[in-house]
Structure formats: structure tokens, C-alpha cells
Amino acid sequence: MARVKHIQKTLTEQWSVLATLAPTEYGQFRDFLGNASGFQSYQYRAVEFVLGAKNADMLEVFDADPAARALLRGLLGEPSLYDAFWHRLSRLGYAVPESALTREVSAPYTMNPELIPLIGFVYEHHREHWAAYEAFEELVDLEENFQLWRFRHMRTVLRTIGTKPGTGGSSGVGFLRKALELSFFPELFAVRTEIGRR
């Protein structure tokens, strides 16, 4: 996780280079991109799939690239990092709800309120459950770093093309802004509202 966080930091900082482009400079070569966009990055989709943001419809984008499609098809059917994490905690003796252990792993991950009591317990007794607590916080760091990357992407696009449509046909900044609302590990953030209420 430490290595991944360093990689994320490096990737996020790359946006500062692109942000130095004046709108007129970007406009000089934007047409050469055609309809190229992040939609066509199977590596980006693979990272999203591993983190639980799965969308079977995205496979169609890679019909012309059988290797990329096969990779994503494989990841679609495998447990996400978060799914694997809950299974690991269960094997360690934590009372992980059955709903977290039996969910359909090819579906996009959605909030599971049944996990909140367990997460809250670990946070409230973090000294006795340090390994689980630390893992929760590492996952929070991972998501926060991913969101910082998304934010820098959105702001760089806004800075260079304003609110024009994206090269891949998306709504551009609006699409990127909406992505900031997505969460890979929603319960780890939701629990913060619950802690201290009792």
C-alpha cells in the first residue's frame, strides 16, 4: 500500500505539467486526439475494477482489443480488493456480515450498511484491533489519493478546455465532477458520521 500511495502521488503531480498549457496551446493539438479519451484506457478501467467500480458495459469499448477485453472480463469476475479484504477479516475471526461475503463480485460495489457496526467497533477499540484499524486507514488513504487524482484531472480539464465536451464524447468537466461523488469504500467514510453519536 505504501508503494501504491507513492505511485498515486506521482501520477497526481503529473497534472501540474498539463495545467501549464494555455487553452490556445492545447487547442493546437486537441483535434489530433480525435475521439481518444480515458474511456479507452483499459489500464485505468482495470484499476477501477480492482477497486470495485465494475461496469460490464465498459467491455464493449474494448471489442477491437481482445487482450484488453479478456483482462477486464477476468477482473470483472474476480473479487475486488475490498471484497478480498472482508474475506480476510472474516478468516481472522471478525464478525463480517454474510452480505459482504456473498455479494455478486461482478456487480459494482455499493454501500453496505451492515458493515458499519463492525467498522465502528474497530475504530472505537483501535488499540486492541490495530491491524484492522490500520488497514481501514490505508484504504481511506488509497481512496483519498484516487479522488485527488480525479480532482486534479477535472480542474486541469476545466483550465484547458472549460466546459466543452470531452474528446471521448463525455460531458467533460460535468462528467469528471460527477466521478468525484463515487466511493470505492463508502462504509469507511460513512462510519465517521456514526462515531461519537452514541
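**Salt bridges in the predicted model**

Let me start with Glu137, which is partly exposed, with a relative accessible area of 22%. Keep in mind throughout that this is a predicted model.

What does Glu137 pair with? Its partner is Arg192, and the salt bridge between them has its closest N and O atoms 2.6 Å apart. Glu137 sits in helix α8, residues 130-161, while Arg192 sits in helix α10, residues 186-194, so this pair ties together parts that are 55 residues apart in sequence.

Arg45 and Glu48 are both in helix α3, which covers residues 42-50, and they are three residues apart, about one turn of the helix. Their side chains form a salt bridge at 2.6 Å, N to O. Are these two residues buried or exposed? Both Arg45 and Glu48 are buried.

Then there is Arg69. Its salt-bridge partner is Asp63, with 2.5 Å between the closest N and O atoms. Arg69 has a relative accessibility of 28%, which puts it in the partly exposed class.

One more item goes beyond a single pair. Lys5, Glu138 and Asp141 are joined in a network of salt bridges.

How many salt bridges does the count come to? The total is seven, taking a Lys or Arg side-chain nitrogen within 4 Å of an Asp or Glu carboxyl oxygen as the criterion.

That is the list I wanted to go through.

Definitions and conventions: Residues numbered from 1 in each chain as written. Predicted model: local features only at pLDDT ≥ 70, side-chain atom pairs only at ≥ 80, totals over all residues. Heavy atoms only, no water. Helix = DSSP H or I, 4+ residues; strand = E, 2+ residues; numbered from the N terminus. Buried < 20%, exposed > 50% of the residue type's maximum accessible area, 1.4 Å probe, protein only.
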